[in-house]
Amino acid sequence: MQFHDSIDAGKSDPEPARNELRERLPPDENVLSTLSVDLDQRLCFAKGLVALTNRRLWACEADPASGERQWRSWTLGAGLTLRHFDHAGVGTIELHDARTRLARWRFTLAVNVQALRLIRQFDLQSAALLRGDPQIEDEPALCPQCKLPLPPDSDECPVCARELHTPPSSWVLLRLGRFARPYRKQLIAGFTLMLVATAATLIPPYLTIPLMDDILIPFQDGKEIQPWLVTAYLGGLLGSALLGWGLNWARTYILSLVSERIGADLRTATFDHLLSLSLDYFGGKRTGDLMARIGSETDRICVFLSLHALDFATDVLMIVMTSIILFSIDPWLALVTLVPLPFIAWMIHTVRDRLRTGFEKIDRVWSEVTNVLADTIPGIRVVKAFAQEKREAQRFRVANQHNLEVNDRLNKTWSLFSPTVSLLTEIGLLVVWAFGIWLVSRHQITVGVLTAFIAYIGRFYTRLDSMSRIVSVTQKAAAGAKRIFDILDHVSNVPEPAQPVKIGSGSGLQGLRGRIDISGIGFRYGNRSVIRGLDLSIAPGEMIGLVGHSGSGKSTLVNLICRFYDVTDGSILVDGTDIRRFGVADYRRHIGLVLQEPFLFFGTVAENIAYGRPDATRAEIVAAARAAHAHEFILRLAQGYDSLVGERGQGLSGGERQRISIARALLIDPRILILDEATSSVDTETEKEIQKALDNLVQGRTTIAIAHRLSTLRKADRLVVMDRGQVVEVGPHDELMDRRGAYWRLYEAQLRRADMEGGDEPADDVDDTMGAASLTPVVHLAQSTE
């Protein structure tokens, strides 16, 4: 008996069950695929095993009473099928024959890839048996998203991975050229100044030849010095020095201005592109990491462009022009000068590869430090409330220590490289001195030529040493550029249409009326299906209430209507036009959204209310605040509407923040209003006041409201009851109560809880009552007591 499955050694595999299965199977029955089940029928954590062989499907589960393993098996044949679905983080596989369900296994989505692999092997083996083939070859598992084969011994698809940590290449810096294109004239001027300045700095060593051969050495032989000639040569030295200083100042100033503007444009372009990406991108990123990329990485690139790239270009010009002068003076002596170059080039090539991966890792590790800061500082109130200062300090120490260790490892390489290059240049200078003295002794060159040669070689080796040191900063800049272009290269999952339909123009739409038609839509978060086959039509001006337990798809549905995500199946039409044909920003201007967790920006109350309409007058702002019943508490603030709310509105209570966010939505006068549990953060009295304002607000405006407090939705034209990503009931409150269906059970459960708590209304939270009034039978996930 053989195991063909590549995941046999997974950490969650129940090895005792596998060993027992080996003993049960005859020699000619081979295991093709396995699934390590980690939940039992009560949704408690428990280990189990489902195994597919070339003849049968085996299952091992622990008996709830005795805890002993129980084995069952089913012979593969016609009519036997496996069905797979998932909901709220729990996956399910059901075995069916032509008449009934034979078995069911549940598991967390951590092993969902194993489940998909098992089902695929089951279908292939069943088809093979029907054809008369005894056994299929074990095919590679496929990625559930792109359907490409997964690598051996891996459940991660390299194509669908969010970000591959490939080492950066120095060539990525050339992609900055598009940001330099608007400054072509300044760059050409700066390069011309650099060329002339470099030539000016090469004049003084050349003037040492006549100073030595025509003035100093003849003077030692008794010849009289000519003052005018000395003055001319010294004047040439001073003039070239002043010319080089002036040209270098102008060059540095111009190119520094250009580099700063390139850095600013890079930051702006990156932030603009970041804002255009869908919410799916931000769901997989840390705030600290994104801040580090736009902040420190662009600063690093700017420093590289303004200083090191300029020095590198100067060094190259100096080396090239110095080499030309050296060969023009004496070719043989010039060749001796180049002896250290092959060794230095080999070292640069070797060290560059290590630095390339090292700096990329340093950037990732540094983002861990910034992530701790980004988590802790905004949540400082929670940290202090739970007295977790020491814990957060320890988190920071661990991240900081990791950063220190990674830098130390890289510094070991770099600390050896720089002194070695300096040693090689010193050896080269020694060789030139020895060979030059030999040439002077044979009267092939003069002392003045050797002196000039040594002066030029000093410049040559200095620039060569400088270029070798630039390897480090170049790889740092390349690592930063790669992380920046990882953002710029990311394509939004919510793309702009090639030819967008403009609302109120050529499409014939004179502004949105607000009719929404949802036709057979489906949506998945990765491997997890959230919405499936949903149909719903909403008339213009109608108020719809969405109810259901957590994970039923309510918030996902409104996110799809707002086009924060795009549907994977079906379509959403607004006034008969697919929302994917509208420009994203143009469409969202007609939608008012009040989130479950209100977010306020640092600024005044008036600025936060006018966020969607910065040009709104103070009278319009006050009117929106009055409609949201926020005017009274705003006037009680120290500066009224000009009071600062603090970062994320920390200076206000939860209910006050929510009412300001409602006023912000009211001010834009949207055609479609979405309230995502908008009253969850206010007390009952305040909710009644807001509800009065909303009664007037929803007139003539399509409104979709999500609320756990069912009493909030009594005045909705229709209630839409959702469960597992599907609509299970639709109708007005009274009609749904008369049906005595899913909504009635939910409402009655809340009413009973309110009676037990001594209240007059149904309880606040649907989720708390779902165990007693589930839309479909629901078993709560519980921790096993084993």
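Analyst: Contact means heavy atoms within 4.5 Å, and helices (H or I, at least four residues) are DSSP runs numbered from the N terminus. This is a predicted model, in which local features need pLDDT of at least 70 and side-chain atom pairs count only at pLDDT 80 or more, while totals for chains, interfaces and linings use all residues. Residues are numbered from 1 along each chain as its sequence is written, and side-chain values use heavy atoms, with hydrogens and water left out.

User: Which residues in α19 does α17 meet?

Analyst: On the α17 side, the contact involves Glu 620, Ile 621, Ala 624, Ala 625 and Ala 627. Their partners in α19 are Ala 663, Leu 666 and Leu 667.

User: Are α17 and α19 oblique or roughly antiparallel to each other?

Analyst: The axes of α17 (residues 618–627) and α19 come within 8 Å and cross at roughly 125°, where axes are lines fitted to C-alpha atoms, for helices over the stretch in contact, and angles run from 0 to 180 degrees between N-to-C directions. Angles under 35 degrees count as roughly parallel, over 145 as roughly antiparallel, 65 to 115 as roughly perpendicular and the rest as oblique. That angle therefore makes α17, relative to α19, oblique.

User: How are α6 and α8 oriented to each other?

Analyst: Helix α6 (residues 227–276) and helix α8 (residues 287–329) have axes 9 Å apart and pack at an angle of about 155°. Their orientation is therefore roughly antiparallel.

User: Which residues of α8 does α6 meet?

Analyst: The α6 side of this contact includes Leu 255, Ile 262 and Phe 271. Among the α8 residues that they and others in α6 meet are Leu 290, Ile 294, Cys 302 and Leu 305.

Definitions and conventions. Helix = DSSP H or I, 4+ residues; strand = E, 2+ residues; numbered from the N terminus.
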